[in-house]
Amino acid sequence: MSMQEISYWNREIETISSEALRKLQLKRLKETVNTALKTPFYNARLKKAGINSADDIKRLEDIHKIPFTTKDDLRECYPNGLLSVDLNDVVRIHTSSGTTGTPTVIYHTKEDIDNWTELVARCIIATGSGKSDVFQNMMGYGMFTGGLGLHYGAERVGMTVIPIGGGNTVRQIQLMKDFKTTVLHITPSYLLHIHSKLAEGEISVKDLSLKKAYLGAEPYSENTRKKAEELFKIDAYNSYGLSEMNGPGVAFECIHKCGMHVWEDAYILEIIDPKTAEPLSEEKEGEIVFTTLMRKATPLLRYRSRDLAFIYKGGCKCKRTHRRISRITGRTDDMLIINGVNVYPSQIEQVIMRVPEVGTNYQIYLEKEGTLDKLIVKVEIYSKLFTGELKELDALRERIKEQLRASIIINPVVELHEPGSLPVFEGKAKRVVDTRTKL
Ligand code: AMP
Ligand code: ZN
């Protein structure tokens, strides 16, 4: 446990009693229902469910009367079926980063941006960062919420912000050195890639002043966190968000790194069984469902995130009362079925990242071989191993294969690659290449 002193951005709200929190949530849920009724989509949806005004919500439990909202609903609302204010009051539009299909659109008023900024400021302070830090934001700016979301929060806290965005690794490294960057916001895959680039150049980890990294935007394992922490000698904090709920700032780890606090004055958190939609109790893994409590321009009620996680039981040492969710273990829609076996890419990552010889990049490749599925796991290994004995390489390949077989119960082909030979992603990594044609 860290001996760091606990600091808060907004002590009162971050340590609010459960009872007061529930009261506040009910008040804000009612307001949100009224706001939602102003959108064409919810007006029809809520009235059909017998909710004609906020008066039909008397207790927090009445949220169960409200139907779920799905990603498809949002797509059908494109471009403005979920807008609840006059367009004159909208100061920003974000869309999801999805590369296929109609994007989902979230509108923000000035107040929405301000509230979001406050949530991000809380997250930053919860990790022990502050005014004296130099913050290099390597998440994409633009429609993707990772860049601007953290940017506003970091400025509000008073950090020195380097708004470089993603990409251009050589320049990123130079800036980290020249401005003595202490905190990074970055995807885990890009952070590991930066380490392999460092190995090629003249600047080493010792020349940098890094203390922390905020890692998010894509799923990753505890082993990947550990690897990043060891390679850079930093503390890495998990940062979770989704554009439908603003973006980053929804849930973040505090200095204790034991799950991510969800800001429950801004979101109602539910975990449901993805198959039956029944609510699940604490410690049971299921799909995260969020309801916005403060958003004015695009309220969302019971939004099914498709992200899988569970809620930790009990309080946190930091005394924040907002509950903590686990690392995202997968999505209801990224599950791979390989020869009839269900596999999450995160399970494969978990295995290969604990193999010390494995470098910083990997790819999961699926193809058809006759009628069967073939899983090829391509991993980069440290270059010095390639100069060694062939026998050693074979043994390493066998070892990785065995460990994978034990974990996912299917037999993969393991390919070892030289560092830098697999595709690099500066934003969200595309780890899975599925060439099987779907029927
Ligand atoms: P977007 O709406 O484009 O920002 O994408 C949001 C999605 O990214 C989430 O629904 C998650 O699936 C994923 N994501 C964001 N942060 C994390 C994280 N810390 N761990 C795992 N997945 C994440
Ligand atoms: Zn905590």
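Here are some friendly notes on this structure, which is a predicted model.

1. **Two domains.** Let's start with the overall layout. The protein splits into domain 1, covering 11-333, and domain 2, covering 338-434. Taken over C-alpha atoms, the centres of domain 1 and domain 2 are 30 Å apart.

2. **The interface between them.** How many residues of domain 1 are in contact with domain 2? On the domain 1 side there are 25 residues, and they meet 18 residues of domain 2. Together the two domains bury about 1,600 Å², with 49% of that area on carbon and sulfur atoms. Three residues deserve a look here: Ser189, Asn223 and Lys227 supply 28% of the area that domain 1 buries against domain 2, more than any other three residues. If you go looking for salt bridges across the interface of domain 1 and domain 2, the rule finds 0.

3. **Thr329.** This residue sits in the loop between strand S13 (324-325) and strand S14 (330-331). Not counting residues up to four places away in sequence, Thr329 touches Glu285, Leu308, Ala309, Tyr344 and Ser346. Tyr344 and Ser346 are among those partners, and their numbers fall in the range given for domain 2, 338-434. The C-alpha atoms of Thr329 and Ser221 are separated by 8.1 Å, although these residues are 108 residues apart along the chain.

4. Searching the whole structure turns up 7 aromatic pairs. In one of them, Tyr214 and Phe252, the ring centres are 5.1 Å apart and the planes stand at 80°, so the pair is edge-to-face. Tyr214 belongs to strand S6 (residues 212-216) and Phe252 to strand S8 (residues 247-253), so this pair ties together parts that are 38 residues apart in sequence. Both of these residues are buried.

5. Tyr312 counts as partly exposed because its relative accessibility is 28%.

6. **Charges over rings.** Which residues lie over the face of an aromatic ring? Arg122 is one of them: it lies over the face of Trp263, at 4.9 Å from the ring centre. Lys378 is placed over the face of Tyr365, at 4.3 Å from the ring centre.

7. **Gln172.** You will find Gln172 in helix H7 (residues 169-178). Why does Gln172 count as buried? Its relative accessibility is 0%, and the cut-off for buried is under 20%. Apart from neighbours within four places in sequence, Gln172 is in contact with Gln136, Met138, Ile164, Gly165, Gly166, Gly167 and Tyr190.

8. **Asp62.** To finish, have a look at the loop between helix H3 (40-48) and helix H4 (71-76), where Asp62 is found. Asp62 is buried, because its relative accessible area is 7%. Leaving aside neighbours within four places in sequence, its contacts are with Asp56 and Ile57.

How values were computed:
Residues numbered from 1 in each chain as written. Chains lettered and ligands numbered in written order. Predicted model: local features only at pLDDT ≥ 70, side-chain atom pairs only at ≥ 80, totals over all residues. Heavy atoms only, no water. Helix = DSSP H or I, 4+ residues; strand = E, 2+ residues; numbered from the N terminus. Buried < 20%, exposed > 50% of the residue type's maximum accessible area, 1.4 Å probe, protein only. Contact = heavy atoms within 4.5 Å. Phe/Tyr/Trp six-rings, centres within 6.5 Å; stacked < 30°, edge-to-face > 60°. Lys NZ or Arg CZ within 6 Å of the ring centre and 35° of its normal. Domains from an automatic or database assignment. Buried area = accessible area lost by both parts, 1.4 Å probe. Salt bridge = Lys/Arg side-chain N within 4 Å of Asp/Glu carboxyl O.
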